[in-house]
Amino acid sequence: MFVLPELPYGYDALAPVLSETTMRTHHDKHHAKYVSTTNELLDKTGAKPGSMEELVRAAKAAGDSKLYNNAGQAWNHAFFWSCMAAGQTRPSGPLTDALMDAFGDLASAKARFVADGVAHFGSGWVWLIAKDGKARIATTHDGMTALELDGAPLLVCDLWEHAYYLDHKNDREGFLKAWWDRAINWDFVSRQFAGERWAYPAPTSTAA
Ligand code: FE2
C-alpha cells in the first residue's frame, strides 16, 4: 500500500499564503482520500506496483481512469508539498540561468507562470519543467501528472479551487503571485533541475 507522505513543514508554516486550515483540509482530507482510494482500488485487483510512478503509467496505459486519476492526484500533491517551504528562498545557480534564457528575467518567468495558471480552464496544475537544460511552463488538467510531459518536473502549483479558495476566494492570480513570491522551495527546484528526481515514497510491503 501507499502511504500519505507527511508535510515537510508545519501546517501553519506557509501562512498567510496558505493558511493552516487550508493545509489541514488539503493534506488530511483531499490528499489522504486520493491515497486511500488508490489503495482500495489496488486491493480489489491484487496488483502490486513497485512505485507510484509505475502505477500512474500503467493505469494510463490500461485506460483505468479512476485509478489513474487517484494515483495521479496522490503523486501530484506529494510533489506539490515538496515544492514549498517556510521562509523565502530564491532561484540560484544554473536554474537561474535557465530561467533567464527561457523568459528573459525572473520577473518575466513569474509573470508567465502566473498567466498560464490563470488561463488554465478549470482544475489542474501549472508546472515548470525542463528538458535538455531548457525550462518551460506547462499545465495539466485534473489529475494528469507531469510524468506524461516532455521534460522533468521542477515545480508545480495546484490550480484546483480547494488549494486556494479558503484563503484567496476566486482570486487565482493573487494566489499564484503570492505563492511564487513566498511559498516556493527554490532549493528543491534547483535540485530537480540539477538532476535529482523526486519520487513518491515506495509502497510498504504489507498490502496491495
Ligand atoms: Fe489539491
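Which residue lies over the face of Tyr 11, and at what distance from the ring centre? That is Arg 24, at 4.0 Å. This is a predicted model, so please keep that in mind throughout. A second case of this kind is Lys 60, which lies over the face of Tyr 68 at 5.2 Å from the ring centre.

Now the iron ion. Its protein donors are His 26, His 77 and His 162, each through NE2, and Asp 158 through OD. They lie 1.9 to 2.1 Å from the ion. The angles among the four donor atoms run from 91 to 128 degrees, and the site is tetrahedral. For reference, ideal angles for four tetrahedral donors are 109.5 degrees. Along the sequence, the spacing of the donor residues reads H-x50-H-x80-D-x3-H. His 26 sits in helix H1, residues 20–45, and His 77 in helix H3, so this pair ties together parts that are 51 residues apart in sequence. His 26 is buried, with a relative accessible area of 1%, and His 77 is buried too, at 0%.

Helix H3 brings us to the aromatic rings. The model has 16 aromatic pairs. One of them is Trp 75 with Phe 79, a stacked pair with 5.4 Å between centres and 5 degrees between planes. Both residues are in helix H3, which covers residues 65–82, and they are four residues apart, about one turn of the helix.

Trp 198 counts as buried because its relative accessible area is 18%, under the 20% cut-off. Tyr 200 is buried as well, at 4%.

Definitions and conventions: Residues numbered from 1 in each chain as written. Predicted model: local features only at pLDDT ≥ 70, side-chain atom pairs only at ≥ 80, totals over all residues. Heavy atoms only, no water. Phe/Tyr/Trp six-rings, centres within 6.5 Å; stacked < 30°, edge-to-face > 60°. Helix = DSSP H or I, 4+ residues; strand = E, 2+ residues; numbered from the N terminus. Buried < 20%, exposed > 50% of the residue type's maximum accessible area, 1.4 Å probe, protein only. Lys NZ or Arg CZ within 6 Å of the ring centre and 35° of its normal. Donors = N, O, S within 2.8 Å, 3.2 Å for Na, K, Ca; no water. Tetrahedral: all angles 85-135°; square planar, octahedral: opposite > 155°, others 65-115°.
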